Amino acid sequence: MTVVHEREPVTGVLRAMAADADVCEELVRAARGRSPELARLGEAETLSHVNALIGAAEAWLTTLGRVEEHDFAAALLLGADRAAQGIPMTAVLRGVQAALTRVVEITVERSRSAGVSDAALLTVVLRLKEYGDAVERHVVNGYRAAESGTPRTAGEARARLLRRLLTEGDDTPVPSREELAREGVRADGRYHCLVADPGDAAPARALTARLSALPGVFGVVDDRPVGLCPRLPGSEELAELGGDGVALVVASPVAAPERLRPLYRLCVRGLEIGGRRGLRGVRELTDLAGEIAMADHAVLGAALSGRFLGGLDPADDFHRQLALTALAFLDSGRRLDRTATALFTHPNTVRYRLGRLHRITGTSLTDGSLDGPSGTLTTLHWWWALTTWLDTGAGSAPSA
């Protein structure tokens, strides 16, 4: 059965519904109102599944292929999640049916307002009914697969998939499209790779269970909570999940599943470096790019320290004070006033320290050498040298 002529207006209606937060929240209310068991779950989790199913409804209506050609990963994931959470299947289906019924009602109302004829609407309703039946079947399939015990839980299956997808060698093929879809990952989708530090307050599996309420697929990989998310979660979302135990979450740029392996390795590196800095909350991998690059090329950092700061003694508190002032000077855009504010001192004190640094090392941050054509690289080299030098002598360092 096809939708002809007036398919585009209806497609626009569904696309607008998927982007309309009020509509999505209304569907959540319909599902939770029909199923008290679902009402006990967080709204954010139900909303993530609603968004996925509406998006799939648009694709179902506009692609005229057969049922077996459509991607029902969102429905499989919904069923698997509810089974893992211990929600009875009858309660799950009541919620799904209530939401699907409301989708049809809103689609009809908005399509009529858009001028779609009743004849075309009948075809649309039948097409949506076909979609709803398929969704229910796949929810049931996902539910049964999760409780079948092979593997024992849906969480174990996802963790195993994430390990294969992210930690294998780059020459090893990624899981197949079918394997990805079975755990809720679209082969043609684009995801942020998230790697979390559970901190001392929460074990990895408990934190993973909380993060699983966010849109995406989560599991434990190498004792760390790891996930694939279509969008970055905000720190406030983590707080709503009881995320006080989340010391740090490093998120990669968005990428297709087959391109996530090197990004995962960088996220793990960023987690180590950011953890040493005491960072918390969601941090993008690109925010840590400079520090990761420096940490992984320590020999170059040491060479730059020797070139720019060879006259300084890491055991000398005053010398460390000079280096800290120079680093603050670079971080403040080479402005004396801003540096003084950052260090709670007077601009003349900053000027004096930079002058002493020049006399001891023979190199200067204020003589105009950073203003020429190569100034940007020279500034980078100075920053790298100072950071490496200060880290190397951290054991004997006074506080800033």
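Helix H2 (residues 21–34) buries Val23, Cys24, Leu27, Val28, Ala31 and Arg32, where buried denotes under 20% relative accessible area, exposed over 50%, and partly exposed in between (1.4 Å probe, protein chains only). Helices are DSSP runs of H or I with at least four residues, numbered from the N terminus. H2 comprises 14 residues and reaches 20 Å from its first C-alpha to its last, close to the 20 Å expected at 1.5 Å a residue, the expected span being 1.5 Å times one less than the number of residues. The model is predicted, and local features therefore need pLDDT of at least 70 and side-chain atom pairs pLDDT 80 or more, whereas totals for chains, interfaces and linings use all residues. Residues are numbered from 1 along each chain as its sequence is written, and side-chain values use heavy atoms, with hydrogens and water left out.

Helix H15 (residues 317–331) has 15 residues, which should span 21 Å at 1.5 Å a residue, and its end C-alpha atoms are 21 Å apart, in agreement with that value. The buried residues of H15 are His319, Arg320, Leu322, Ala323, Thr325, Ala326, Leu327, Ala328, Phe329 and Leu330, and the elements that cover them include helix H16 (336–343), H17 and helix H18 (375–392). At the start of H15, a side-chain oxygen of Asp316 reaches to within 2.8 Å of the backbone nitrogen of Phe318. Within the helix, Thr325 is buried because its relative accessible area is 1%. Not counting residues up to four places away in sequence, Thr325 touches Thr339, Leu343, Val350 and Arg353, a contact being defined by heavy atoms within 4.5 Å. With Arg353, the side chain of Thr325 also makes a side-chain to side-chain polar contact at 3.1 Å; a polar contact is a pair of N or O atoms within 3.5 Å, of which, within protein, one must be able to donate a hydrogen and the other to accept it, and residues adjacent in sequence count only if both atoms are side-chain atoms.

Most residues other than glycine have a negative phi. Just after H15, Gly333 takes a positive phi of about 70°. Arg334, which is not a glycine, has a positive phi of about 60°; Arg334 is found in the loop between H15 and H16 and counts as partly exposed because its relative accessibility is 27%. Phe344, in the loop between H16 and H17, likewise is not a glycine and has a positive phi of about 55°, and Phe344 counts as exposed at 79% relative accessibility.

Thr361 belongs to helix H17 (residues 347–361) and counts as buried because its relative accessibility is 16%. The side chain of Thr361 reaches the backbone oxygen of Leu357 at 2.8 Å and makes a polar contact with the side chain of Thr363 at 3.0 Å. When residues up to four places away in sequence are not counted, Thr361 touches Phe308, Leu309 and Leu312. Between Thr361 and Gly306, 55 residues apart in sequence, the C-alpha to C-alpha distance is 9.9 Å.

Ser369 lies in the loop between H17 and H18 and, at 35% relative accessibility, counts as partly exposed. Leaving aside neighbours within four places in sequence, Ser369 is in contact with Ser364 and Gly375. Ser369 and Thr379 are ten residues apart in sequence, with C-alpha atoms 9.2 Å apart in space.

A search of the whole structure finds two cavities of 30 Å³ or more. On a 1 Å grid over the protein atoms alone, a cavity is a set of points where a 1.4 Å probe fits but cannot get out, and lining residues have an atom within 4 Å of a point; grid points are joined across faces, edges and corners, and a volume is the space filled by probe spheres set on the points. The second largest cavity has a volume of about 30 Å³ and is lined by Leu354, Leu357, His358, Thr363, Ser364, Leu365 and Thr366.

The whole-structure search finds zero disulfides, a disulfide being a pair of cysteine sulfur atoms within 2.5 Å. Cys193 is in no disulfide, and the nearest cysteine sulfur, that of Cys267, is 4.9 Å away; Cys193 is buried, with a relative accessible area of 0%. The sulfur of Cys229 is 9.4 Å from the closest cysteine sulfur, in Cys193, and is therefore too far for a bond, while Cys229 counts as buried at 1% relative accessibility.

Technical notes:
Helix = DSSP H or I, 4+ residues; strand = E, 2+ residues; numbered from the N terminus. 1 Å grid on protein atoms, 1.4 Å probe; cavity = no way out; pocket = protein on both sides within 12 Å on 5 of 7 lines; lining within 4 Å.
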